[in-house]
Amino acid sequence: MKRSIKMIITTLAAFAAISSAFAKDGKNGVKMEKLKLDKKWDKTFELSDTVSHKKVTFTNHFGITLAADMYTPKAAPKDGKFAAIAVSGPFGAVKEQASGLYAHEMAKRGYLTIAFDPSFTGESGGQPRYMNSPDINTEDFQAAVDFLSNLTNVDPEKIGIIGICGWGGMALNAAAIDTRIKATAVMTMYDMSRIAAGGYFDENDNEESRYQARLETNKARTECFAKGEYPTTGGLPDKRPEGDTFFSQYWDYYKTERGYHPRSLNSNMGWALTANTSMMNTRILRYTNEIRNAVLIVHGEKAHSRYMGETAYKDMINGSKYTANKELVIIPNATHCDLYDGGNGNFIPWEKLQGFFEKNLK
């Protein structure tokens, strides 16, 4: 008995020592990585004179320090407490692109917002670079909620999130676990785990295709370990693909002045060669039909990814007791990338988004 008590005390003391070592640089008990943040305005949109901007950092539960742009309305609420929204996406983009545009626009409409770079990408920390993980990337959204919940000028009961493209799926996944998220808007969403395991339009959704992909990926892992480096792959070509395919639509956004950014994976080098390892084996969106808080899924009528949003909505309401505050909206004539920045028309339903958050963050 005495020996057991002594072991417990020793273990607790060791744990306390470790915790103390990591608590020195972070209010939340996690040591902050020193990030190199660009001080110049380098967004794909102009800053409104009704909004103030600054860069902020916070850590997730994996100890990765995330970088974000914070947009604060210059006109504060009467009680001094803002409703807040965290934004991320598209998958492989950075906060200076579409997510920043969404955060900036919602700040113009009265919300304190942050657009953050996911782990391993952009100005955020995490090694090796240009990796992804369904668990870590879901946690990134939760860490953003941690940060917003502790701001003195934010009402922690009025926090929402917006996920774009592959981060739409991650946003839904976060909403399924994090009850602090009172409203979730999902724009032109991808289910990245579905793509990784079955290919586009589920064309490779069979055991043999997955086995061949595993062989290729694991061979690459061995080679990467031996070389001590993780090369990237999958970036868009320098020359625009012919036709009007979704790859050419991506090119029109990421490789032109419309959306290009030097830190964006999609604008440049692509993801690490072995980045999809965990995504191939771990499906997200398992418990979305248990989300009690509000969800809005928005997709373009002509988006190649529309089927993923429609499936996500169907699965979310299937057998659910919480369908009254769930909605799927299809934007006429819009393609996938039209919901990144409005495309060549006014495709982003700003008034719909504002009404959704006003209703559910009150």
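Is Glu 351 buried or exposed, and what is its relative accessibility?

Analyst: This is a predicted model. In it, Glu 351 has a relative accessibility of 57%. The cut-off for exposed is over 50%, so Glu 351 counts as exposed. Glu 351 is placed in helix α10, which covers residues 350-360.

The side chain of Glu 351 has a partner. A polar contact of 3.1 Å joins the side chain of Glu 351 to the side chain of Arg 109. In sequence, 242 residues separate Glu 351 from Arg 109. In space, the distance between the C-alpha atoms of Glu 351 and Arg 109 is 9.7 Å.

Side chains of opposite charge can pair when their charged atoms come close. In this model the count of salt bridges is 27.

Lys 352 forms a salt bridge with Glu 327, with 2.9 Å from N to O. Glu 327 counts as partly exposed because its relative accessibility is 32%. Lys 352 is also partly exposed, with a relative accessible area of 32%.

Another salt bridge joins the side chains of Asp 252 and Arg 240, at 2.7 Å from N to O. This pair links distant parts of the chain, twelve residues apart. Asp 252 sits in helix α7 (residues 246-254), while Arg 240 sits in the loop between β7 (232-234) and α7. The relative accessibility of Asp 252 is 24%, so Asp 252 counts as partly exposed. Arg 240 has a value of 30% relative accessibility and therefore counts as partly exposed.

A further pair has a buried setting. Glu 96 and Lys 95 meet through their side chains in a salt bridge of 3.0 Å, N to O. Both of these residues, Glu 96 and Lys 95, are buried. Glu 96 and Lys 95 also belong to a network of salt bridges. Its members include Asp 38, Lys 40, Asp 42, Lys 43, Lys 55 and Asp 69. Also among them are Asp 117, Glu 123 and Arg 263.

To return to the request: Glu 351 is exposed, lies in helix α10, and makes its side-chain polar contact with Arg 109.

Notes. Residues numbered from 1 in each chain as written. Predicted model: local features only at pLDDT ≥ 70, side-chain atom pairs only at ≥ 80, totals over all residues. Heavy atoms only, no water. Helix = DSSP H or I, 4+ residues; strand = E, 2+ residues; numbered from the N terminus. Buried < 20%, exposed > 50% of the residue type's maximum accessible area, 1.4 Å probe, protein only. Polar contact = N/O pair within 3.5 Å; in protein donor to acceptor, adjacent residues only side chain to side chain. Salt bridge = Lys/Arg side-chain N within 4 Å of Asp/Glu carboxyl O.
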